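Have the sequence and the model open as you read.

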Amino acid sequence: MQPVVIIGGGISGLSTAYYLARHGVPARLIERRERLGGVIETERVQGCVLEAGPDSFIAQKPWALELIRELGLGGDVIGSNDHLRVTYVLKHGRLVPLPDGLMLMIPTRIVPMAATSLLGWRTKIRMGLEWFRKPDSLHADQSVAKFVADHYGQEAVDYLAEPLLAGVYGGDPNKLSVTSVLPRFVELESKYGSLTKGVLHERRKAARQSKGMPLFQTLKGGLGQLVDALTAQTRPAPEVLRGEAQAVERNGTGYRIRLNDEWTEAGHVVLACQAYQAGALIGSLDPAFAALLDAVPYSSSITISLGYERPSFKHPLNGFGFLIPKRERKLLVACTWVGTKFSYRVAPDRAVLRCFVGGEDESVLGLTDEELASGVRAELRAIMGVTETPVFTHIARWPRSMAQYTVGHAARLREIEARLKALPGLHVAGNAYTGIGIPDCVRMGKAAAGAIAAASAR
């Protein structure tokens, strides 16, 4: 049997290799970086766990937790401290807490929404009248911004939808597809008309299913534990080929991959890299498919972790952190107060602020580390009054790392799936397709492994 070759050693590629090994199918893994894990990278500094990339995963999606338990790390799983969860939004230079009862940007409680200074009375009245909206089953894909504005008005887009989605996707709600990003809300609109009515009707069922589960989960020692465990427990261990894949071509019934100017044979190829990288690889194999993959847009991000001496840190860290809407944004997009959000992450004598810049603003990638740190510190001084000097600063850059599900993504995905059917033995996995988070990447890796194992058994 010709070997399986996985291109990309992030969580999607590692999950594929692991599940292939469970099926008894060995794989080779091509990775251009010196380390495996992709955007998952954990470091320890002065007793603090610093996540350079994602710090957690959504608890309600089961695939990451299932994998973690299979790897024997179930005892290291921790949840976010939801009893302390307050998220602030910057408005006119002041941090305003998101009102209680919000389901993402959907209001479900009258009194907190009426009392908040985050939204004006016109928006609040419109939110109340939204309850009487009739069901609408005719849905062409549209932007998240248009969808939310249609239900609750533009101010709800500016101070709820935009900052919340920028913190998750690093993208613009005027471009993101509601069908691909918020499919559940589209279903609720079809069934109930009013999103508020739909969320309230289904909240009881969701509460039974979650059974007190925290919103986010992670590992005590950081998500790097997952990468280490996957690498150690994939048996037989995948042969890691270091270098950058240059092309994928047909070779009889299989494929060949050019790596470091030499050819490697494969019966199956899993493209577990960024979509634009995958497109560049298959340009001669299927130009139309390559163009589809290259058309998936990406945003960039930079994380800046600032550590302070806790005894002298004056600002209360009474919440998970804050978001900055585009209308108020300069450099910072969001800031997490790490020790409040998760236990075990911050040494008792330290306070850690995890700051995010980037998104669609690619110009930030041209800033030096010194410019980034000084710019973020200036904004923290203005927003939080933080005048203390950090005892450590850790910066991680992730250019073109987060896929953007823009309007038309579902149609593009259908074309991608059709092209794959015409190329048996070629598979894709990663955040460019059917989910951006760690659980979805694990799910896609597992599905690719299952398809390969089934084909190999025939």
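## Helix α12 and its packing

The buried residues of α12 pack against α11 (275-281), α15 and β20. Contact here means heavy atoms within 4.5 Å. Helices (H or I, at least four residues) and strands (E, at least two) are DSSP runs, numbered from the N terminus. The model is predicted: local features need pLDDT of at least 70 and side-chain atom pairs pLDDT 80 or more, while totals for chains, interfaces and linings use all residues. Residues are numbered from 1 along each chain as its sequence is written, and side-chain values use heavy atoms, with hydrogens and water left out.

Which residues of α12 (residues 287-294) are buried? They are F289, A290, L292 and L293. They cover an arc of only 160° around the axis, so they sit on the same side of α12. The arc is that of the directions from the helix axis to the C-beta atoms. Buried means under 20% relative accessible area, exposed over 50%, partly exposed in between (1.4 Å probe, protein chains only).

## The second largest pocket

α15 gives the most, with five residues. The lining has 16 residues, and E417, L420, L426, H427 and V428 lie nearest the centre. By class, twelve are nonpolar, two polar and two charged. Ala, Val, Leu, Ile, Met, Phe, Trp, Tyr, Cys and Pro count as nonpolar, Asp, Glu, Lys and Arg as charged, and the others, Gly among them, as polar.

The pocket volume is about 400 Å³. On a 1 Å grid over the protein atoms alone, a pocket is an open set of points with protein on both sides within 12 Å along at least five of seven lines; in a cavity, a 1.4 Å probe fits but cannot get out; lining residues have an atom within 4 Å of a point. A volume is the space filled by probe spheres set on the points, which are joined across faces, edges and corners.

## The largest cavity

The count is one cavity of 30 Å³ or more. The largest cavity has a volume of about 80 Å³. β4 (48-51) gives the most to its lining, with three residues. The lining has five nonpolar, two polar and five charged residues. Among them are E51, D55, K341 and R345.

## S401

S401 is in strand β19 (residues 392-403). At 11% relative accessibility, S401 counts as buried. A polar atom of its side chain lies 3.0 Å from the backbone oxygen of W398.

Terms used:
A polar contact is a pair of N or O atoms within 3.5 Å; within protein, one must be able to donate a hydrogen and the other to accept it, and residues adjacent in sequence count only if both atoms are side-chain atoms.
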